[in-house]
Amino acid sequence: MHRYNTAWFWLIISLVCLFFSNSWAAGIQVKAELRPSTFALDQEAELIITVDGTSSAQPDLPNAQGLHFQPRGQSQQTSWVNGQVSASVAFNFVVQADKPGQYTIGPVNVTAEGKTYTTQPLSCTVSPAQHSGSVQAAPQQGSNVPSLSADETAKIGILRIIPEKNRFYVGEIIPFTIKAHFKPRQRININSTPVFNGENFLLHDLDKDPVQRQEQFMGQFGTSLTWQGALSAVKEGPTFLAVQLDVDLLVPQQRQRGADPFDMFNDSFFDNFFNNYTKREVKLASPEKQVTVLPLPTKNRPANFTGAVGTFSLAVTASPVNGKVGEPISLKIKIDGKGNFDRVQAAVLSDSKGWKMYPASANFTGQNGGKGEKTFEQAIIPTDSSLSAVPSLRFSYFDSVAGEYVTLNSEPIPLQLQANSDAVASPTQSTPVPSQNKTPARRQEPAAPSLPLTPGEMVHSIQPLYKKQWFQGMIGGAGCCLTAGLLLDLRRKRLENNPSLLRRRLMERQLTKHFQEMKAAIGAADQQQFQEHCREAVQIWAGTTWELAPEAITLADLQTRLAADSPLLQLFTRLEQSGYAGERLDQAEMKTMLQTAQQELT
């Protein structure tokens, strides 16, 4: 009977293992989502292809006649729940249309773990463009300020935008100059920085205050204002660059003269001294500057390309390089150069076998003209004692000058790993000494001297060693050291087995650093640095809380997951408005935003 019960037991175990192995094999699922499914011709949509059940996959480029798809990077998510590991990877594409109509996207083929999976087809509707070709005279939405056309602007002066070049790639950072020339004797107050028309360009930086000087233009000396900045395009094809500028025109009112012909002030010469001025708010418009935005080539595009365009360099360090299996190694990845750093993601290991990896945190330091440095910190854990080096890391970008893709590879970093279990030395066996059976010769012992009979100092009792205070103190100190060592070991194992706690502590250190940088930016009245560190602080909090890649967090994610009246959502919305619309933040508002960030993120 016992043998039958054992057979039934192993049969049930085999069936359970077979069931779970089939479930794991069928665990990979792919899906596609289009946001939004209806958009205008002069707008764009986002296609997201999500692969659940693996962290490594490669989708084919979507294909639909009349639609264009541009890769915009990927994000990975890994979670540990009750010892079970689940992973997913998402690929983002920007969708643009040639003309209005109904379109069908897909199905899209995705290769994962040697097998091919297929997404469901998606339908979308493209409506006619919402903006006309001449956007100069159109007032901004929600504004009652009249706009002047380019011809009307020419009566006051001229406003123009001058890009560094007229043909450039999608995502390429293009420096530009905005010039505003005003005719002599024009009285004008500037109310804002220049604002771009349309939605095809992203503004990366723009001077807060223009350079003002007296210059000759079209044969006349007048006041000129100059702004320097950098932008990038998000949609390929021929398009136009145009800007608007909010100003106050001070229009003189004619003074009423007296009837006395001998009145010395009854002369038009004195009008400039005694006239009153009426303020008139208008928007000056620049002529449209035609440019051509080139698509990124699909030929020879690396699999790890995330949309970075420019020229970059890669440097990688690791610490410590002498450790044990299971102990974390901190990678510091520095990518600097010139380009669209918002698309720069951490370099990836060329061979991840034998490594457990955690999401990387990012810190960006930018300069004008698209120059900057992005530093990533990533924790990796070796799981195999045979590993002798950290593999080379790869980072791919598109070189807009050479017109080709470039992949940077770091040098492998040598390691010296030890096994986690300490070797126990075998005890040394003593060599027995052979006994001597010979009986020594007896000799005459001298007589023992007489002993004194006087007693010495007497004690009432003999105190055992364990009752002595110095011994108890020594044992107590040793016990405290042993307890502290056990607690530290338990803490280390807890951190190894609890990635969420490790990420939470890493987030707290990063937030503290960003808060310090925000305070420094407020003291220096540096709005750009304040916006960058405040935005990254919110992204790090959201990415850690929702187990997403921080750099992939957008305003749409916060609107989906947070309440409409959330102070954090209002803070991020204000950052987006001031960053892309060129609005000015004073020090008082930045202090208020810093207090909100500290209250909501800590």
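Lys 283 is buried, because its relative accessible area is 2% and buried means under 20%, exposed over 50% and partly exposed in between (1.4 Å probe, protein chains only). This is a predicted model, in which local features need pLDDT of at least 70 and side-chain atom pairs count only at pLDDT 80 or more, while totals for chains, interfaces and linings use all residues. Residues are numbered from 1 along each chain as its sequence is written, and side-chain values use heavy atoms, with hydrogens and water left out.

Let's see what Lys 283 pairs with. Its side chain meets that of Asp 246 in a salt bridge (2.8 Å, N to O); the term stands for a side-chain nitrogen of Lys or Arg within 4 Å of a carboxyl oxygen of Asp or Glu. Asp 246 lies in strand β20 (residues 243–252) and Lys 283 in strand β21 (residues 277–285), so the pair ties together parts that are 37 residues apart in sequence. Strands (E, at least two residues) and helices (H or I, at least four) are DSSP runs, numbered from the N terminus. Asp 246 counts as partly exposed, at 22% relative accessibility.

A search of the whole structure finds eight salt bridges. One of them joins Lys 165 and Glu 172, at 2.7 Å from N to O. Here Glu 172 is buried, at 5%, whereas Lys 165 is partly exposed, at 30%. Arg 35 and Glu 33 form a salt bridge too, with their closest N and O atoms 3.1 Å apart. Arg 35 is partly exposed at 39%, and Glu 33 is partly exposed at 38%.

Now let's turn to the loops. Ala 303 is found in the loop between β22 (289–294) and β23 (310–319), and counts as exposed at 55% relative accessibility. Ala 303 and Ser 396 are 93 residues apart in sequence, yet 8.7 Å apart in space, C-alpha to C-alpha.

Finally, look at helix α4 (residues 469–497), where you will find Trp 470. Trp 470 counts as exposed, at 53% relative accessibility. Together with Met 474 and Ile 475, Trp 470 makes a nonpolar surface patch of about 350 Å². Patches are made of residues with over 30% relative accessible area and no salt bridge, with like charges joined within 9 Å and nonpolar side chains (Val, Leu, Ile, Met, Phe, Trp, Tyr) within 5 Å. The accessible areas come from the Shrake-Rupley method with a 1.4 Å probe, and for residues only the protein chains shown count as cover.
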